[in-house]
Amino acid sequence: LRRSGQDQMKKVFRCLPLVAVMALAGCVNLAPDYVRPEAPVAQAWPEGEAYQQSELRRGALAPWQEIVADQRLRRVIETGLENNRDLRAAALNVELARAQYGVQRSELFPTIAAAAQNAGQRTPATLSQTGSHVTSHQYTAQLAMSSYELDFFGRVRNLNEQALQAYLASDDARLSARNTLIAEIAMAWLQLGADVRQLELQRETLASQEKSFQLMTDSWKLGATSQLEYEQARTTVAAARAAIESYVRAVAQDKNALELLVGAPVADDLLPKGIELGAVVMPSLPEGLPSEVLLNRPDVRQAERNLIGANAYIGAARAAFFPSISLTGALGTSGTELSQLFGSGSGMWSFTPNATIPIFTGGLNLANLRAAEASQQIAVANYEKAIQTAFTEVANALATEGTVESELKAREEYADAAVKAFKLSESRYEHGAAAYTEVLDMQRAAVAAEQLLISAQLARASSFVTLYKVLGGGALEEQPAEGDAK
């Protein structure tokens, strides 16, 4: 009889995988069908005066290595991608989410463990029928399946889907951090170059002003110039010296900020020597509708992953209203002597199906469902906001791209005219045809024009970086597949 029962239990265990597959094949998924929300943005990029002069090419968005033309900047970015601590933490968050997904996915399969036990018992003589104490042992060895839920209503599968989307969203967050880091390093590098040029300009200005001031001092000592003109000249020299110190500080702080982003010291030969207009080349604007182009952005994909996960959690919350069926079983041998453990007639088995039907939960299941539905609506709003934010950022970048070139040309003309006016005023003063106040005014205007030109040059170089970033180009990488997480 024991041998017959043991054989039957073996047949049951052999059939369990088939039973599980049949159960899963016939189960119901209570999660709502996922439909991507309509993008709440225009179906075309904005048009108007700000966009008319843009010469953007249309085509595939290239990797960042093809957009960054300067080899020094490229090496700095590569170092930052290896050493930046925020990006490293984002990558570790992906590993954490992947492990958590693995934990949740394990619930799709039964858990089987081997167990061995030796239970010893001593019965005192006062309780023994023989009048003397008795020591007994029971040895047991078995394979046991812990409570395994038959996922008829998709609770476990929907929780697994939510965990999968959380893992994929964490990788999108990493790509978003990577995209931002590339842009921030390029911007910091260009800003450092602009401040280096500003410092050079102030030193050139100081040299010119010190020369003029020396002539003014000699003239004042001879009584040919008033003390007012002398003091006015002295103020310009002091102001230039103060400006130099401020830009010395700015250059040092720019380098510190760049090294913080890179996560390592940056060699001097990799630093810019001034404005680097050719460091970054113009990216291409991808073909397609804005809603299609914006899906390249990792933050938009992350928002959609969160929405899909919230959608799946509704299915898990709905499944709580239906019966839960689980299986527990064991197959093994037992004996009072260790030598009997695997002998004839020592087989044992147990099989315990369990069904739980929710009748009264005090509103817990309903509250969980309402919370899941509210979370899904929040995820919809966050996804739509991500799309709107991305569209606005791209539109602003296109507006900049459509106007910055004309602005740069105008600034160049303005600076050229201001410098020529300053030189003419100096010549007029030397010939006694103008007061020194006119020279000072023209000099201030020339320096201000040169500073505005440097700012326009920085805007020209930075606009390519900004546009590439808002298009999601810095995050072009192979995306993780579901199979990678398994």
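**Exercise 1.** What volume does the largest cavity have?

*Solution.* Start with the model. It is predicted: local features need pLDDT of at least 70, side-chain atom pairs count only at pLDDT 80 or more, and totals for chains, interfaces and linings use all residues. Residues are numbered from 1 along each chain as its sequence is written, and side-chain values use heavy atoms, without hydrogens and water.

A cavity is a set of points, on a 1 Å grid over the protein atoms alone, where a 1.4 Å probe fits but cannot get out. Points are joined across faces, edges and corners, and the volume is the space filled by probe spheres set on them.

Now search the whole structure. Two cavities of 30 Å³ or more turn up. The largest has a volume of about 90 Å³.

**Exercise 2.** Which residues line the largest cavity, and of what class are they?

*Solution.* Lining residues have an atom within 4 Å of a point. The list is I67, V68, N179, I182, A183, A186, V280, F464, V465, Y468, K469 and G474. Sort by class: nine are nonpolar (Ala, Val, Leu, Ile, Met, Phe, Trp, Tyr, Cys, Pro), two polar (Gly among them) and one charged (Asp, Glu, Lys, Arg). α5 (155-221) and α10 (436-470) each supply at least two lining residues.

**Exercise 3.** Which helix gives the largest share of the lining of the second largest cavity?

*Solution.* This cavity holds about 30 Å³ of space. Its lining is L190, A194, G274, I275, E276, Q457, L458 and A461. The largest share, three residues, comes from α10. By class, the lining has five nonpolar, two polar and one charged residues.

Definitions and conventions
1 Å grid on protein atoms, 1.4 Å probe; cavity = no way out; pocket = protein on both sides within 12 Å on 5 of 7 lines; lining within 4 Å. Helix = DSSP H or I, 4+ residues; strand = E, 2+ residues; numbered from the N terminus.
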